[in-house]
Amino acid sequence: MQQKQKVSFVWDSHYRCNFRCPYCWFDKVWDEMDKHNVYPPFEKMVEIWDRMYDLYGECDLMITGGEPTLYPRFTDLVEVISKKHTVKVTCQLSGDMFTFAKQLNPERVRLDMNFHPLETKIEPFIRKVLYLYKYGFKGGVCYLAYPPNMDK
């Protein structure tokens with residue numbers, strides 16, 4: 001008997017980022033894009049993802065953005081969602097990843113960690129990656145291969 005494949009979602013959480021990378025497709029329009037953000041109440045977001053569970057069972061959810069960790073109550077929301085769904089977060093680790101690591105279950109949450117050398121230093125980024133690994137989180141690290149950075 002064939003096992004049923006889980007439903008997958010990609011949630012582009014919002015148009016907000018604290019980096020201003022020249023290679024981003026939102027370069028020079030971040031302020032304009034920010035006007036399009038919609039933040040339903042926390043309880044409504046929980047209700048939406050509970051409904052997805054009721055409809056499809058456990059789903060795979062990839063959260064991206066902007067910078068998803070800037071979404072209001074992001075860690076709290078992922079904590080609730082990840083009790084019913086597996087979650088993968090694409091982020092640049094500029095937020096409070098120490099609370100994130102302590103609050104979330106690494107068996108339910110994975111990371112795509114993106115290093116942006118024009119916006120941050122490597123040492124704090126590596127410290128956060130190692131801290132997350134220490135707490136059991138899995139995920140890859142991406143170096144943004146923007147041509148002016150290639151010699152580094």
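User: Which helix supplies the largest share of the nonpolar patch?

Analyst: The model is predicted: local features need pLDDT of at least 70 and side-chain atom pairs count only at pLDDT 80 or more, whereas totals for chains, interfaces and linings use all residues. Residues are numbered from 1 along each chain as its sequence is written, and side-chain values use heavy atoms, without hydrogens and water. Ile122, Ile126, Leu130, Tyr133 and Val141 make a nonpolar surface patch of about 420 Å². The largest share, 4 residues, comes from H5.

User: Which residues touch the most other members of the largest nonpolar core?

Analyst: Such a core is a set of buried Ala, Val, Leu, Ile, Met, Phe, Trp, Tyr and Cys residues joined through side-chain atoms within 4.5 Å. The core has 30 residues, and those touching the most other members are Phe100 and Leu132.

User: How many disulfides does a search of the whole structure find?

Analyst: A disulfide is a pair of cysteine sulfur atoms within 2.5 Å. Cys91 is buried at 2% relative accessibility, and its sulfur is 11 Å from the closest cysteine sulfur, in Cys142, too far for a bond. The search of the whole structure finds 0 disulfides.

Key: Buried means under 20% relative accessible area, exposed over 50%, partly exposed in between (1.4 Å probe, protein chains only). Patches are made of residues with over 30% relative accessible area and no salt bridge: like charges are joined within 9 Å, nonpolar side chains (Val, Leu, Ile, Met, Phe, Trp, Tyr) within 5 Å. Accessible areas come from the Shrake-Rupley method with a 1.4 Å probe; for residues, only the protein chains shown count as cover. A salt bridge is a side-chain nitrogen of Lys or Arg within 4 Å of a carboxyl oxygen of Asp or Glu. Helices (H or I, at least four residues) and strands (E, at least two) are DSSP runs, numbered from the N terminus.
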